[in-house]
Amino acid sequence: MKYALFLGCKIPSQLPAYEASTRAVLGHLGVTLVDLRFDCCGYPARSYSRDAFVVAAARNLALAERAGLDLLTPCSCCFGSLRHAIRFLSEDAELRARVAQTLAAEGLTWSGSIGVEHLLPLLAREVGVAALAAAVRVPRSGLRVAAQYGCHALRPSDVSGIDNPIAPTMFETLIRVTGATPVDWPRRLDCCGDPLHEANAPLAGHMTRAKITDALESGAQALCSACPHCQLRFDAVQAGSTDPAIQTLLYTQLLGLALGLPAKSLGL
Amino acid sequence: MTGARGDICDVAVIGAGMAGMSAALFAAERGLSCIQVGNAGSLLFASGLLDFLGVHPVPERQLWQSPLEALAALGRDEPDHPLARLDADLIRSAFESFVTALGAAGLAYAPLGERNRKLFTSIGTIKTTYGVPRSMVAGVRVLEQRSPCLLVDFRGLREFSAAQIAATLGRNWPGLRQQRIEFPGYEAVPELYAAHLARALESGELRARTIARIKPLLGDARSLGVPAVLGLARASEVHAAFEAGLGLPVFEIPTMPTSVPGLRLRTALETVVSARGVLRRRQASVRGLSFGADAATITLELDGAAAGERVHARAVVLATGRFTGRGLTAERKQVRESILGLPVHQPASRAAWHQRDFLDPSGHAINRAGLLTDAAWRPLDAQGRPAWKRLYAVGSILAHQDWMRSKCGSGLAIATAWGAIEQVARDLRATATG
Amino acid sequence: MSTALFHPALYASLALCALGLAWRMSAWFRVRVGPDACTVTPWQRMVAALRGVAVALFGRRLFRVLGALVLDALLLRRLYANAKLRWLGHQLILVGFTLLLLMHALAALVSEKLFQGYQPTLEPYLFLRNLFGVMVLVGVGLLWFGRRRERSGFAQARAFLGAAFVALLGFVLVSGFLLEAHKIASPRAFYRMTEQYAGTTDAEQLKPLRALWASEFGVAFADLQQPIAADLVERGRELQRDACASCHAKPASAFVSYPLARLLAPVTGLMDAAGADTWLWYLHVFACLLGLASLPFTRFFHVLAAPISLLVDAAAPQRALSAQPYAIEARASQRALALDACVRCGICDERCSVALLARYLGNPDLLPSHKLIATGALAKGRLLRSGEEEHALRAAEGAFLCTDCGRCTSRCPVGLDLEDLWQAGRGDLAVAGLAPPAQWVQARPALAWAESLEAVPRQHGLAAPDAAFAPLSADRRSFSRCVQCQTCTNVCPVVAHSTDAEHGIDLTPQKVMNLLRLGLSDLALGSRMVWDCASCYQCQESCPEGVRVADIIYELRALAVRRLGSVRSRRQAA
């Protein structure tokens with residue numbers, strides 16, 4: 001298993017623990033990660049111009065294609081963006097031609113030969129739940145965990161679709177394998193509020209708070225994310241708030257602890 | 001999840017309405033690996049009530065207290081009706097299996113029994129049905145007894161008017177009162193949506209505030225009726241909390257589609273199939289089928305965003321519905337089956353599709369159009385032979401039924417899916433051993 | 001040679017330089033970047049700075065500051081980590097120029113005091129001066145080359161002043177070499193010296209010396225008979241030993257000026273006649289003084305600002321913990337200092353996450369180096385002057401497309417906290433009415449936007465969404481299936497949480513789809529629903545008819561930026 005690791009913009013600058021724990025866990029599990037000179041996935045440009053968005057994403061795809069590697073990302077938003085770009089490129093020949101022209105300036109091409117994978121399905125399917133179970137050394141027994149997939153890992157399912165978007169089970173399975181107990185919480189598939197922060201901060205605040213309250217009411221002790229945006233959002237809203245708080249944990253950290261990796265290597 | 005890309009699965013179900021979901025569920029329960037294509041959009045239009053067989057014969061609009069007796073009569077009068085081809089016990093076990101699975105996914109139904117039930121809807125009409133969600137079942141007895149009852153609705157929730165129900169039913173029901181209240185936290189919102197309220201009530205704090213607002217209004221009422229907004233993922237819990245908090249039976253009244261019960265049903269069914277390992281291709285559709293030269297597998301060519309993806313299966317269940325589900329396409333002169341162009345049993349000419357009167361009690365011939373199958377639920381080709389040996393059809397795409405007027409939609413879907421999957425399992429076993 | 005003008009010019013230049021420095025440095029306490037910077041006075045900032053200096057000098061951070069002085073300010077380790085070639089160039093300039101300044105320009109203050117018998121025409125100074133000069137020239141060349149190699153595709157902002165200053169620097173060096181070369185070759189200088197130091201003007205007496213200086217010291221006598229007799233040269237050598245050797249070494253080691261002198265030999269006579277020694281000296285010295293006087297007013301002010309910024313950064317609380325930002329009094333000054341400390345090296349641009357977008361959208365203000373200038377221009381009010389509207393809008397687009405990936409900050413050779421600067425700049429933009437689209441669109445009701453759009457004479461093809469730009473909203477088939485079942489609204493978390501009147505949304509997703517169906521997309525462009533969409537895709541996932549609701553909403557945003565943007569700039573101009 002060898003992938004080009006796509007970290008996106010948020011992880012290296014604002015959530016280095018996610019990078020550290022991802023590298024530690026995947027390294028431990030025998031997944032080889034290659035670093036290419038990736039740039040922004042294109043996400044912020046989507047509200048300005050679809051073409052610009054696709055061009056930015058396609059350059060990353062083309063870099064991976066040149067290296068002959070599938071892309072792996074621990075960020076649900078980057079995942080969604082890159083997959084969306086593939087969709088737009090696949091369904092629009094004129095767009096494809098425009099993008100090809102821009103990429104050609106750098107000597108790059110996109111043919112669609114490489115895939116984009118999210119961290120969760122990589123662990124659940126490629127590495128495999130059985131292999132994970134066998135590798136667990138320190139089960140996190142007794143810890144009740146609420147799984148936060150990150151919208152763009154699930155929806156729209158025809159673009160990202162790592163699991164059934166209405167009733168996903170993958171993340172819960174991955175939590176169970178660490179020995180922790182996944183909790184069922186009604187708002188588990190809701191948006192964390194992060195994308196709304198700039199446009200309408202009070203509304204975004206409502207959304208985030210509703211999720212945290214729901215996780216707490218559902219008996220969760222930790223909120224486990226597989227997306228930097230969600231994790232940062234939960235932390236930002238809880239920082240400086242006197243409302244009841246919940247521990248936030250990245251999935252790679254939870255798994256890393258269960259694998260017996262040193263907490264320091266997981267950014268904890 | 002089972003069945004990674006490229007693998008051959010046992011069954012591919014095309015369609016994700018009531019019939020498709022039932023087929024996928026039953027297949028998975030029998031241990032068959034299953035892939036299911038199609039979004040569960042039509043389920044959003046469901047009321048959450050599960051009809052078995054309410055009306056027969058259609059022109060007379062005769063309502064039946066016992067679906068089993070209705071089934072017997074149907075068997076005598078319309079032996080070609082798909083339901084009539086199934087054994088009553090088998091249909092009942094299919095229903096049992098179906099609601100048990102839903103119960104496991106958090107959507108509880110009242111015990112099914114042998115009788116149809118009557119309850120009133122959001123516009124005050126009486127609906128005869130069979131399977132009733134537990135959150136609605138108190139309404140059945142309340143309607144029978146016409147005991148003192150309070151109906152509460154929420155300002156801004158346009159699809160539901162307690163006043164209208166009270167106006168319609170109140171003439172013969174003196175103890176029926178109604179009150180409109182503000183939904184807590186939504187006082188400033190002009191227009192409310194049922195699903196938002198349902199989700200809000202899953203928060204303990206809002207639930208308590210709502211209960212506190214209703215409690216002083218109860219008076220002599222011995223039960224409370226509210227629009228179907230008592231929770232979505234936690235419906236049972238919210239309903240129980242209302243009954244405990246108010247100290248009387250509380251029932252939900254079905255609302256107009258698309259409704260919260262529809263969302264619950266969709267979510268519960270997706271949860272059920274997902275938990276049983278059915279591989280879902282929700283937003284894909286099927287462009288075409290090709291039958292392997294070895295006669296052992298069938299290949300589905302997907303369309304939509306999954307365009308180009310191919311799925312291989314040993315058996316295929318067609319559950320694409322009629323016109324709204326796009327299983328059938330009405331062309332200028334004739335009706336066509338959409339994916340394979342299978343022959344459709346239909347009126348001889350377009351002129352005969354509809355009666356002159358749209359509200360004609362006997363319904364329209366076009367509403368009995370559909371696929372003809374053999375006894376093993378296999379659709380027939382133009383020569384009257386099975387189109388392919390392991391291609392099956394279930395649900396409303398089948399001919400010789402008008403489920404809307406017979407009040408047998410769920411029954412038709414669940415029962416034919418049960419029958420067809422039983423057949424699939426038998427046929428696959430035969431292939432494996434033979 | 002008259003140098004009467006020198007001292008007045010020197011003092012004038014020094015005064016200008018000092019005034020300029022004072023003015024520029026005072027900006028570190030005056031310029032306000034970021035709305036939070038407006039909450040503190042320059043006085044408070046100055047006090048904070050002084051306190052910071054005291055803490056740095058007498059506190060635990062002294063070692064960190066000293067370390068920064070050596071490693072960051074002198075050895076430029078950050079630059080070394082990111083661009084080796086440019087580091088080399090920069091170090092060549094830094095070392096060469098500093099040594100030239102000390103040894104040559106400030107000889108009276110430094111060299112003559114340190115080295116007994118210092119004479120610019122003696123070894124090793126002859127050689128060293130040339131060496132240092134060449135170091136600077138090579139360094140400039142390397143920087144220019146490194147620059148060319150990693151171009152972002154955009155001309156550097158305000159490149160003219162920078163180029164002029166580099167040209168001036170080059171001119172100082174070239175004129176210096178020319179002056180030296182001319183002095184080597186000049187017979188007039190020879191005669192002046194012999195008169196002064198050998199005490200004779202007698203041609204016959206000077207003959208051997210002339211022979212020697214012509215053959216070995218490069219003086220270009222026009223009237224000298226060739227070939228020069230060897231015994232004459234030998235005789236000259238004796239005279240040389242007595243009269244000249246204490247001040248003059250053979251100039252051949254001046255490995256630039258000497259060959260240049262030989263090259264100039266044919267025209268040396270003419271130059272002598274024209275008084276070249278005087279005007280070349282003036283050119284050289286006045287170029288130096290001009291450089292001195294203009295230093296504070298060009299980007300080369302960074303020679304002062306950058307090291308100070310590095311030291312301040314080392315003295316400040318560690319940035320890694322920027323979750324708890326330190327006092328705004330200090331940060332405000334640091335931001336203003338950053339505007340001056342930026343070297344305009346463009347290293348930040350090379351790995352900017354949105355560099356491709358900058359090129360694709362044709363907007364250089366996405367790039368950090370340009371953004372820094374725009375941020376400064378906004379803070380100083382220049383960006384809001386009339387005539388700058390286009391630039392201001394570009395700057396806003398650049399600021400809000402930035403992904404805060406932090407690569408610019410981590411690569412900045414002078415260690416600027418650019419992320420803090422960007423954040424402050426975005427705050428300033430918002431205050432100036434240049435908010436991100438999600439905010440400026442929502443500042444007016446959707447209906448008002450639609451009316452404004454109607455008032456604009458419609459250009460052909462603008463009314464309908466551009467098919468290539470927004471293919472889904474242009475194609476009726478993508479939304480005509482909508483049956484208005486309200487599922488999208490029911491599953492929408494934004495509508496669900498939109499419970500207070502002030503921050504509530506106006507349209508629901510299903511109403512937006514309905515406007516499209518009715519051909520009234522103009523009414524949707526400015527709607528809060530379109531801009532408050534969380535892009536969570538619940539609507540699209542649940543739509544029973546397969547309408548790509550969220551994808552369409554994204555397209556409406558892009559259309560709004562384009563169409564409402566044109567209306568908006570029209571309004572602003574009006």
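How many residue pairs are in polar contact between chain A and chain C? The count is 20 residue pairs, both at pLDDT 80 or more, a polar contact being a pair of N or O atoms within 3.5 Å, one able to donate a hydrogen and the other to accept it, with residues adjacent in sequence counted only if both atoms are side-chain atoms. The model is predicted, and its local features need pLDDT of at least 70, side-chain atom pairs pLDDT 80 or more, while totals for chains, interfaces and linings use all residues. Residues are numbered from 1 along each chain, chains are lettered from A, and side-chain values use heavy atoms without hydrogens or water.

**Interface of chain A and chain C**

- Chain A and chain C each give 50 residues to the contact (heavy atoms within 4.5 Å).
- About 4300 Å² is buried between chain A and chain C (accessible area lost on being put together, 1.4 Å probe, summed over both), with 57% on carbon and sulfur atoms.
- Five salt bridges cross this interface (a side-chain nitrogen of Lys or Arg within 4 Å of a carboxyl oxygen of Asp or Glu).
- Glu106(A) forms a salt bridge with Arg359(C), their closest N and O atoms lying 4.0 Å apart.

**Nonpolar cores**

- The largest nonpolar core holds 171 residues (buried Ala, Val, Leu, Ile, Met, Phe, Trp, Tyr and Cys joined through side-chain atoms within 4.5 Å; buried means under 20% relative accessible area, 1.4 Å probe, protein chains only).
- Within this core, Leu123(A) and Tyr251(A) touch the most other members.
- Tyr251(A) touches residues including Leu120(A), Phe171(A) and Cys224(A).
- A second, separate core of 93 residues includes Phe52(B) and Val424(B).

Technical notes. Buried < 20%, exposed > 50% of the residue type's maximum accessible area, 1.4 Å probe, protein only. Buried area = accessible area lost by both parts, 1.4 Å probe. Lists of a residue's contacts leave out its neighbours within four places in sequence.
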